[in-house]
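Please read the points below with the structure open beside you. They are written for someone new to this kind of note.

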Amino acid sequence: MINSIVFKKGKVFVSSFNTSEIFMRRLFLLLTTSLSLVAFGQSIELKSNSRNTLGLDELLTASISAGDVDGDGDMDIVVANGRHWPQYNQVFINNGKGSFTVSKWLGKIAETSYATELADFDADGDLDIAVGNDMAPNSLLFNDGDGNFTNGESFGMTYSPTRNLTLADIDQDGDMDILVTNRGQSNEICLNNGKGEFDEVLGFGSEDASTIDVSVADMDQDGDMDLILANRDRQTNKVYLNNGQLGFDVGISFGTGNDETRSVTVSDFNNDGFLDIATANIGEPNYIYFGEKNMTFKESVRFDETSSDSFSIDAVDLDFDGDKDLIVANADGENAVFFNERNGSKWTKRKIGSAESVTYDIIYGDLNGDGRPDIIEANSGKANTYYINREK
């Protein structure tokens, strides 16, 4: 039974919790822009205009999530603002047609927020919010069912350099847990007791790792959830295998060993039955590392030849040709869509967005209810924008 669907960064979360492959999101623009993209599937258009923004505020947005917060059947958007400086987070309400004509501040406290993630933490049938803050307590906000939120308890370390939150049923007990990535400090798995309480906390990764992002997937196909870490500061990226009891002592390296990786997403890009890892790197090309039975991740493809500052990556079939494409957020130029051709061996790039934007996060979600994945971007210092996916 599916109670609700939440879109967030390279991840799609269903309340029945099939988390073996997670996905999701993002984007920005000024006036009318129409981009035609032709791939082996449908010829599509990613269309935006001056009204396809989440208000006119140019806040320090670091992250965006999409989900039906008010229970009316369409995708609303929650925005994390501030980064290192306190700002108010926001909720944007979908009018049912893919427009966001109503917004409200999320709570009464301005925070240094890097993430606002949606899930039904207390199992009451509506979407709650987990907020990840830099050097301030991470907090929970509980939904009354109509999109009104009240403060709950904090979770994780009280003061930590949180950079991302990943939601997954890591212990496979039927509720959504929270993984916290802390740059330069221990990362945390906060286990849900089924009531939206997260008193049990486990560490993962090395204590001084500069982890920015983590994906959750069954990489070794043994039935439990493994961890895929994106590390900065020239630290080695790792896949940590679950021993079946939430022990993550076995680490497998991927990448060059000294990458500046800010984001990862996992999917079977070459359709061989093994999960692959796509990376978003800073100041170097972006790669896909292909999975295989021995999990060496030695085979790779450079899908982006540039050395952009890529901050976020997500995977979704944009053109309906049966394989996963990639959307990438850049902080030093236009964002990009990469169309998957030849089972992940060839990628066709199309630029989107504005070269002036600093995009921290990019996700997808069906904003106008037409069954097609639209793209939403989180821009720091510019308006947040979304693109409607249309068949041309």
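This is a predicted model: local features need pLDDT of at least 70, side-chain atom pairs count only at pLDDT 80 or more; totals for chains, interfaces and linings use all residues.

1. Residues are numbered from 1 along each chain as its sequence is written, and side-chain values use heavy atoms, with hydrogens and water left out.

2. Side chains of opposite charge can pair when their charged atoms come close. The structure holds eight salt bridges (a side-chain nitrogen of Lys or Arg within 4 Å of a carboxyl oxygen of Asp or Glu). One of them joins R183 and D233, at 2.8 Å from N to O. This pair links distant parts of the chain, 50 residues apart: R183 is in the loop between β14 (177-182) and β15 (187-191), and D233 is in the loop between β18 (226-231) and β19 (237-241). Strands are DSSP runs (E, at least two residues), numbered from the N terminus.

3. R183 is partly exposed, because its relative accessible area is 27%, and D233 is partly exposed too, at 34%. The cut-offs are under 20% relative accessible area for buried, over 50% for exposed and partly exposed in between, with a 1.4 Å probe and protein chains only.

4. E260 and R232 form another salt bridge, with the closest N and O atoms 3.2 Å apart. E260 is in the loop between β20 (250-254) and β21 (261-267), R232 in the loop between β18 and β19, 28 residues apart. Both E260 and R232 are buried.

5. K349 pairs with D304 in a salt bridge, the closest N and O atoms being 3.6 Å apart. K349 lies in strand β28 (346-352) and D304 in strand β24 (300-304), 45 residues apart. D304 counts as buried because its relative accessibility is 2%, whereas K349, at 30%, is partly exposed.

6. Is S48 buried or exposed? S48, in strand β4 (43-48), is buried because its relative accessible area is 0%. A polar atom of the S48 side chain lies 3.1 Å from the backbone oxygen of Y386.

7. The largest pocket (an open set of 1 Å grid points with protein on both sides within 12 Å along at least five of seven lines) has a volume of about 200 Å³. Of its 14 lining residues, those closest to the centre are I109, E111, S139, L141 and N151. Lining residues have an atom within 4 Å of a point. The largest share of the lining, five residues, comes from β8.

Terms used. On a 1 Å grid over the protein atoms alone, a cavity is a set of points where a 1.4 Å probe fits but cannot get out, and a pocket is an open set with protein on both sides within 12 Å along at least five of seven lines; lining residues have an atom within 4 Å of a point. Grid points are joined across faces, edges and corners, and a volume is the space filled by probe spheres set on the points. Helices (H or I, at least four residues) and strands (E, at least two) are DSSP runs, numbered from the N terminus. A polar contact is a pair of N or O atoms within 3.5 Å; within protein, one must be able to donate a hydrogen and the other to accept it, and residues adjacent in sequence count only if both atoms are side-chain atoms.
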